[in-house]
Amino acid sequence: MQRRQVAKTDLWVSALGLGTVKLGRNQGVKYPKQFSIPDDRAVLSLLSQAKELGINLIDTAPAYGSSEERLGSLLHKVKNDWLICTKVGESFEQGQSSFDFTPEAAQLSIERSCQRLNVDCLDMVLVHSDGNDEYIIQHFGILDYLSDLKKTGKIRAFGMSTKTVEGGILAASQADIVMATYNLADQSEQPVLDYATANQKAIFVKKALGSGHICLEDGDPVKKSMAFIFAHPAVTSTIVGTITPTHLAHNAACISEVLD
């Protein structure tokens with residue numbers, strides 16, 4: 001599995017990142033099929049498989065239910081140079097999402113994530129946008145706050161998971177990473193990727209398979225999707241959430257074949 005540098009940081013992440021929403025939440029998600037949250041044995045097996053496939057990037061968030069806590073208790077059992085990307089701004093409790101983009105809320109969220117993940121320093125922290133990207137950045141100063149944390153060594157890289165072109169470009173102008181939607185069915189955020197290329201910023205692609213909906217197509221939509229995504233030079237990694245070993249293996253094989 002090829003690894004790529006995150007902007008100008010010392011972080012090198014696998015081209016495929018493991019999304020972990022399915023480890024802690026199965027309510028209010030947009031996958032085409034219902035699923036059960038896996039037990040610890042299944043998660044450990046999945047993490048071991050990810051390691052064997054050369055994956056070192058784990059994506060999680062407070063909005064992913066119990067995902068952070070489960071990773072904190074299980075990752076140390078599978079020794080690897082794991083790099084964890086988590087988020088601030090959105091929480092999910094008692095079946096409901098809530099948003100708070102103030103620096104004070106971000107501070108509490110980061111402290112909580114460190115406790116849940118059993119770490120002293122977070123590798124990557126992204127703002128989990130509710131769609132009002134520009135307002136969040138300009139009104140709350142949340143990226144400035146994360147920049148200050150990076151300078152003090154509390155986090156190693158930062159950015160934003162955005163939903164608009166304008167917000168994505170604004171985030172890229174101030175941060176290391178933008179997580180953007182980019183897939184065969186939706187290229188509306190391509191200008192964000194173009195900006196990232198020109199300014200040496202990292203792009204983590206979310207919804208690479210349209211939350212699984214693209215996989216309902218005939219043929220091999222995964223290989224076709226990965227070939228399309230990695231044709232853009234801005235893409236550092238694509239985050240795909242799965243709890244199915246065969247899907248994880250196929251995702252990795254497709255990316256490796258495309259990049260080789």
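The radius of gyration of the chain, taken over C-alpha atoms, is 17 Å, which agrees with the value near 18 Å that a compact globule of 260 residues would have; the globule rule is 2.2 Å times the number of residues to the power 0.38. The model is predicted, with pLDDT of at least 70 needed for local features and 80 or more for side-chain atom pairs, whereas totals for chains, interfaces and linings use all residues. Residues are numbered from 1 along each chain as its sequence is written, and side-chain values use heavy atoms, with hydrogens and water left out.

Along the principal axes, the C-alpha atoms fill a box of roughly 45 × 40 × 35 Å. The secondary structure comprises 9 helices and 12 strands, defined as DSSP runs numbered from the N terminus (helices: H or I, at least four residues; strands: E, at least two). Of the contacts (heavy atoms within 4.5 Å) with a separation of 6 or more, 74% join residues 24 or more positions apart. Buried residues make up 53% of the 260 in the chain, where buried means under 20% relative accessible area, exposed over 50% and partly exposed in between (1.4 Å probe, protein chains only).

The largest nonpolar core contains 60 residues, of which Leu-47, Val-127, Leu-146 and Met-226 touch the most other members. Helix H5 (residues 142-152) contributes the largest share of this core, 5 residues. Such a core is a set of buried Ala, Val, Leu, Ile, Met, Phe, Trp, Tyr and Cys residues joined through side-chain atoms within 4.5 Å. With neighbours within four places in sequence left aside, Val-127 is in contact with Val-88, Phe-101, Ile-136, Ile-142, Leu-143, Leu-146, Gly-159, Met-160 and Ser-161.

Ser-109, in helix H3 (residues 103-117), is buried because its relative accessible area is 7%. Beyond neighbours within four places in sequence, Ser-109 is in contact with Pro-62, Lys-87 and Val-88; Val-88 is also among the contacts of Val-127. Ile-169 lies in helix H6 (residues 165-174) and counts as partly exposed because its relative accessibility is 27%. Under the exclusion of neighbours within four places, Ile-169 is in contact with Pro-191, Val-192 and Tyr-195. The C-alpha atoms of Ile-169 and Arg-25 are separated by 30 Å, with the two residues 144 apart along the chain.
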